[in-house]
Amino acid sequence: MAVAARTRSTLPASNASVAAPALAPPWFARIPAGLWLAAAVLLTMPAYANTFILFQVFGWTFILGIISLSLMFLAGYGGMVSLIQMTVAGLAGYMVAILGPSGTDQISLGLSWWIYLPVALAVATLFGTLVGTLAVRTEGIYTIMITLAIASAFFYFTRQNYTIFNGYNGFTLVRPPELFGIDWRQPVPFYYLALGCAALCYGAVVYVSRAPFGLALQGIRDNARRMAALGYNVTAHRILAYSFASALAAIGGVLLVWQNGQIAPGTAGIPAVIDILVIAVVGGLRRPIGPFIGALIYVVLSSFAPDILTAFGLEPDRFKLIVGLGFLAAVFFSPDGVLGLWDRWQASRARRADPLTGRTR
Amino acid sequence: MTAFVQRRPIASLLIAVLVAFLAWLILAPWPPGVTAVMGPKRVFLAAILSGVTLGALYFLVASGFTLIFGLMRNVNLAHGSLYLLGGYLGFEVADRTGSWLLAFPIVFIATALIGIVLQYVVFRRMEGEELRQTLVTIGLSIVLADLMLAIWGGRSYQILTPDFLAGPMELPLVTAVRPNGDYVYLRYPRVRIWILIAAIVLGLAMWFVINRTRIGMLIRAGVDDREMLAASGLPVQAVFVAVFAFGAGLAGIAGIVGGTFQSLSPGEDTRFLLASLVVVIVGGMGSITGAALGALIVGLTEQIGLTYAPTYSVVFTFLLMAAVLAFRPQGLMGRRL
Amino acid sequence: MNVLESAPPSTRLASVGATNALELRGVTRMFGALAAIADVTLTVRPGERRAVLGSNGAGKTTLFNCITGDILPTSGTIRLFGEDVTRFPPYERIRRGLRRTYQISLLFPGLSVADSVYLACRGVSRWRYSLLRPRAGDPLLARADELIEAVHLTPARDRLVCELSYGQQRQLEIALALAGAPRLILFDEPAAGLSPAERRELVEILTNLPRHIGFVIIEHDMDVALRVAESVTMLHNGRVFKEGAPGEIEDDPEVQALYLGGAHG
């Protein structure tokens, strides 16, 4: 099952600017039309979608998409399938709840947002980096095992520790700060906040994938030994990849705790950790848009499956079964996820004869 | 072992001292000073024995996992689901027939059959694609977990200990000395001791088969180079399927054991899968001795942590795993990855 | 090949100095009870062109692996430009001017030719962790393009490595080895599998390398090896068997018996 993500364009020729300066299209003209359409729809969505769709469906999609994007970055570009992303997000969420204001006064410090926000992001990124230092010494299935084990240790620890993490109960009434006179927890502002963060993270991943750091990471994925022979410190590079991915997951975690308004050990429990993997794989690990596609499918299924099941006369609780079966089907028939299906459909369309002239392209 | 002592004399000395100290702690009556520091000896002994017997349970589950992965490079993350399913089925059998012992062969065969189906449907079709195998087994575990939830619900099940194994037994370990000079011996649940003995016997039998019989040689050779062995005309596939079935069956009967010791409920599948992972990380992949050692260490760490520092027992297990990863990533008895 | 002439002056000065480019003393590597190489002592001067010959199993690739740091020698020391690098990881040796090509192409199937060469140039530069994309006027981009031109791969510049032909992949290997400012290159059977025309091109590239770049070449094709080398080291059963000028080695009766015409050792 190939999970190698491939970036679409190659490096510009060094003399491109000399060859045709006026003819080379600027970067925003090279973005495909489909993306413009999607952007237009997303930006204007509050005009025609209701609160549930905005806040629950799309808000959650963007959040899960960001966290799965962090997994996709490590797995697709780095060749490292890590299950620690949800835990990093959970830790960021916990830090927001512990350092900032919440309903659990006996623990929360109630600091201002310009203190707790950077600290939460920094702590979560640091945690992800530390896990990276342990995980990069392993490969393949071992990485999955170790990150899964660490994620579960975090879950059990937060459940048993009452002094910092408030154990089983977690934290409630965690709200985003009121900035610029806007209550960011209202559906429309939160929607734009989540959309903005998702776009930022997506853009960052696309950009970095063609920067020396991202290119080198893909080189390490393809042939670590050769990269070492080109002068790269492979271990250090991989650890830094974990740092970058953890920063993304941390952003997702902050949004998550703001959207839920609460955080508990189960937020980063093993089912949630596995769900992130399911989302990333079903969407496709090859390109950064994959995780967001996977997240949308997952959220739509979770939101509407109980109703569909009841309509068919089945137990509404069995939606987890549907998700599991869907995931199984995906891995069996299209290991590259939805993106893989799309790519194969595009390829077969390219091979089909043009209906007008009868020639194949 | 002599090679180990020769290569690392200081470490061997430290280990010997540690073992001697532990032996004294366990066997000798404690002077008042030690009791003041560590609490009653009874509690300490109970913790040690619980750790060892929990380790026996972990060994039963993890040895199947390590056999299947270490020898055949098949990753089966539905292993925990097989454990829980075995436990539930064992409960049903024991409940309906009233016989605890009968549950073992029935569950073993049932889970072994599921293992065979897994081998054919999943692992043979995706030969060499480790990641894909992993993902499929994850998907299966999600599906199985939900099915089991639908059938057995969310409550806890406990398999009753059969009468001939119920009750405590007296062990030749001294917990205290009565004022009149008589020794007080430790009383410990009989069933746990017998499970421990059974696990040891099973472990020795597995080690013997793998290392001292021709079938074991076949397995070990096939691990090193499956194609070569297949080309030699020996029934490699049959042996591998048998190994997989055996590992799956082991997980199933471990479920019965766990259901008797502790209880069965949704979430136990994840817990025992993770325990297997940690045992295998600590002990080393593909080694029965490693699984035994790892299970013992993990079980002891968990129980001693639970007894003396309940809030942080998870941290101990995690620190143990992190330490092994940092200093010996292939595990204590593993070969270089 | 002006891209290589632009090596920093300090490198060129060092190459005329007294320090040897490569110095192996008593290097041994055991695999269990088998000595793949035993007590190998050899010295390569800066700018020298050395061929290492020997039958299969003589220990040539193991020797290269020890020099690059892929495996550590069981005993002995390795000095690179005067520095003891015996325990250094591979990337530290690369940053001191060592390069290597591989007998079986070790490349990046998912990247393009241009990306691969650019990465090679980046690897020894200071900004290898950069999160910023290179701008159009980036000097490393220019250098990468020059290297691609030097190995005649410009038409295939944007093709993925997995789509290249075998000969093109070998050319890419050489481009990767020439990236940055190499001072000593190890060529591991560069002529393997090449057509006669491609071999001639290879000999041309090798002989036209700037004088300050030394290289050690392992080759089975005696024509290629003896044409590009100034001196020859022969290995047999892991030990240095003979050393001398190409002509001497060719005429030596022992060498002829063992390697050129006689049975395998």
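# Meeting the three chains

Visitor: Which residue in β9(C) is the bridge partner of L53(C)?
Guide: Strands are DSSP runs of E with at least two residues, helices are runs of H or I with at least four, and both are numbered from the N terminus. Two strands pair if DSSP finds at least two bridges between them. Strand β3(C) and strand β9 (residues 231–236) of chain C pair in the parallel sense over 4 bridges. Within β9(C), the partner of L53(C) is M234(C).

Visitor: What kind of model is this?
Guide: Residues are numbered from 1 along each chain as its sequence is written, chains are lettered from A and ligands numbered from 1 in the order in which they are written, and side-chain values use heavy atoms, with hydrogens and water left out. Local features need pLDDT of at least 70, side-chain atom pairs count only at pLDDT 80 or more, and totals for chains, interfaces and linings use all residues: this is a predicted model.

Visitor: Which residue stands opposite V52(C) in β8(C)?
Guide: β3(C) also has a parallel partner in strand β8 (residues 214–218) of chain C, with 4 bridges joining the two. Look across from V52(C) and you reach I218(C).

Visitor: How many residues of strand β3 of chain C are buried?
Guide: Buried means under 20% relative accessible area, exposed means over 50%, and partly exposed lies in between (1.4 Å probe, protein chains only). From β3(C), R49(C), A51(C) and L53(C) point one way, while R50(C) and V52(C) point the other way, and all are buried. For strand β3 (residues 49–53), then, the count is 5 of 5.

Visitor: Which are the edge strands of the open sheet in chain C?
Guide: This sheet has 4 antiparallel strands in the order β2-β1-β4-β5 (chain C). An edge strand pairs on one side only, and that describes β2 (34–44) and β5 of chain C.

Visitor: Which residue stands opposite E23(C) in β2(C)?
Guide: Strand β1 (residues 22–31) of chain C runs antiparallel to β2(C), and 7 bridges join them. Facing E23(C) across this pairing is T43(C).

Visitor: Is F81(C) buried or exposed?
Guide: You will find F81(C) in the loop between β4 (75–80) and β5 (83–84) of chain C. F81(C) is not a glycine, yet its phi is positive, about 50°. With a relative accessible area of 16%, F81(C) is buried.

Visitor: What is the relative accessible area of H152(C)?
Guide: H152(C) belongs to the loop between α6 (139–150) and α7 (166–178) of chain C. Its phi is near 60°, again a positive value in a residue other than glycine. H152(C) is partly exposed, and its relative accessible area is 46%.

Visitor: How far apart are the nearest C-alpha atoms of chain B and chain C?
Guide: Contact means heavy atoms within 4.5 Å. There are 2 pairs of chains that touch, and chains A and C have the most contacts. Chain B and chain C do not touch, and their nearest C-alpha atoms are separated by 14 Å.

Visitor: What area is buried between chain B and chain A?
Guide: The size of an interface is often given as the accessible area lost when the parts come together. Here, buried area is the accessible area (1.4 Å probe) that two parts lose on being put together, summed over both. In this interface, 43 residues of chain B are in contact with 37 residues of chain A. Carbon and sulfur atoms give 79% of the buried area, which is about 3,600 Å².

Visitor: Which element gives the largest share of the side of chain B that touches chain A?
Guide: A salt bridge is a side-chain nitrogen of Lys or Arg within 4 Å of a carboxyl oxygen of Asp or Glu, and between chain B and chain A the count is 0. The elements that give two or more residues to this side of chain B are α7 (130–152), α12 (268–283) and α14 (313–327). The largest share, 15 residues, comes from α7(B).

Visitor: Which residue of chain C forms a salt bridge with R225(A)?
Guide: Across the interface of chain C and chain A there are 3 salt bridges. In one of them, the closest N and O atoms are 3.2 Å apart, and the partner of R225(A) is D70(C).

Visitor: What area is buried between chain C and chain A?
Guide: Here 40 residues of chain C are in contact with 32 residues of chain A. Carbon and sulfur atoms give 60% of the buried area, which is about 3,400 Å².
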